[in-house]
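Work through the exercises below with the sequence and the coordinates at hand. Try each task before reading its solution.

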Amino acid sequence: MRIVRSVQSKTCTDGSVMREYLLDEPLTPGFLAFLRLFGTVKEYPFMKRPYFSFEQEHFISVKGFTGDTSVEVRYRKEFFDLTSDYFSLLLFYSGEGEAGIQKMQGITESIREKMRIRLT
């Protein structure tokens, strides 16, 4: 899966950056299972359309509908420079099996270390 284009971008009142992306493939339950390895996924399958949210604390939050090609991603302003590519990386490595999981874990830890350094 990959991002085709950014549909909308804005700065929210709390300073976070919100981007709406159009993807080349619909979001799948398999992608949500991959996201669970890197944060908290909440699913609401009994809504008219199956809605989900994902949060990786201090990184990003993602909201959308399973089966849709549109998704909303919010980035915290304090770490936007470190996390702006994180969602793209999640999309890419979700299709790479165990090797993708390991690579994404390494990327996540690297970003966390940079955050720790910045905060001290």
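The exercises that follow treat a predicted model and go from the sheet to the helices, the pocket and the charged pairs.

**Exercise 1. Two hairpins**

Task: For the hairpin of strand 1 and strand 2, and for that of strand 3 and strand 4, state how many residues lie between the strands.

Solution. 
- Step 1. Take strand 1 and strand 2. Seven bridges join these antiparallel strands. I3 has L23 in strand 2 as its bridge partner.
- Step 2. Look at the turn. Five residues lie between strand 1 and strand 2, and G15 in the turn has a positive phi of about 95 degrees.
- Step 3. Take strand 3 and strand 4. Five bridges join them, again with antiparallel direction. E43 is bridged to F52 in strand 4.
- Step 4. Count the connection. Six residues separate strand 3 and strand 4 in their hairpin.

**Exercise 2. Strand 2 against strand 6**

Solution. 
- Step 1. Count the bridges. Strand 2 (residues 17-23) and strand 6 run antiparallel and are joined by six bridges.
- Step 2. E20 faces E72 in strand 6. V17 stands opposite Y75, also in strand 6.

**Exercise 3. Helices on the sheet**

Solution. 
- Step 1. Start from the sheet order, 1-2-6-5-4-3.

**Exercise 4. T83**

Task: Is T83 buried or exposed? Name its contacts beyond four places in sequence.

Solution. 
- Step 1. Locate the residue. T83 sits in helix 2.
- Step 2. Apply the cut-off. Buried means under 20% relative accessible area. T83 has 0%, so it is buried.
- Step 3. List the contacts. Leaving out residues up to four places away in sequence, T83 touches H58, F59, I60, Y75, I111 and M115.

**Exercise 5. The largest pocket**

Task: What is the volume of the largest pocket, and which residues are closest to its centre?

Solution. 
- Step 1. Read the volume. The largest pocket has about 200 Å³.
- Step 2. Turn to the lining. It has 15 residues, and D14, S16, S61, Y75 and R76 are the closest to the centre.
- Step 3. Assign strands. Strand 4, strand 5 and strand 6 each supply at least two residues of this lining.

**Exercise 6. Salt bridges**

Task: How many salt bridges does a search of the whole structure find? Describe the pairs of D68, R76 and R118.

Solution. 
- Step 1. Take the total. The search finds eight salt bridges.
- Step 2. Examine D68. Its side chain meets that of R49 in a salt bridge, 2.7 Å from N to O. The partners are 19 residues apart and link distant parts of the chain. D68 lies in the loop between strand 5 (60-65) and strand 6 (70-75), R49 in the loop between strand 3 (40-44) and strand 4 (51-56).
- Step 3. Classify that pair. D68 is buried, because its relative accessible area is 19% and the cut-off is under 20%. R49, at 41%, is partly exposed.
- Step 4. Examine R76. Its partner is E78, with the closest N and O atoms 3.2 Å apart. R76 is partly exposed at 32%, and E78 is partly exposed at 38%.
- Step 5. Examine R118. This residue forms a salt bridge with D81, the closest N and O atoms being 2.8 Å apart. The pair links helix 4 (residues 97-119), which holds R118, to helix 2 (residues 80-83), which holds D81, across 37 residues. R118 is partly exposed, with a relative accessible area of 40%.

Key:
Residues numbered from 1 in each chain as written. Predicted model: local features only at pLDDT ≥ 70, side-chain atom pairs only at ≥ 80, totals over all residues. Heavy atoms only, no water. Salt bridge = Lys/Arg side-chain N within 4 Å of Asp/Glu carboxyl O. Helix = DSSP H or I, 4+ residues; strand = E, 2+ residues; numbered from the N terminus. Buried < 20%, exposed > 50% of the residue type's maximum accessible area, 1.4 Å probe, protein only. Pairing = 2+ DSSP bridges. 1 Å grid on protein atoms, 1.4 Å probe; cavity = no way out; pocket = protein on both sides within 12 Å on 5 of 7 lines; lining within 4 Å. Points joined across faces, edges and corners; volume = space filled by probe spheres on them. Contact = heavy atoms within 4.5 Å.
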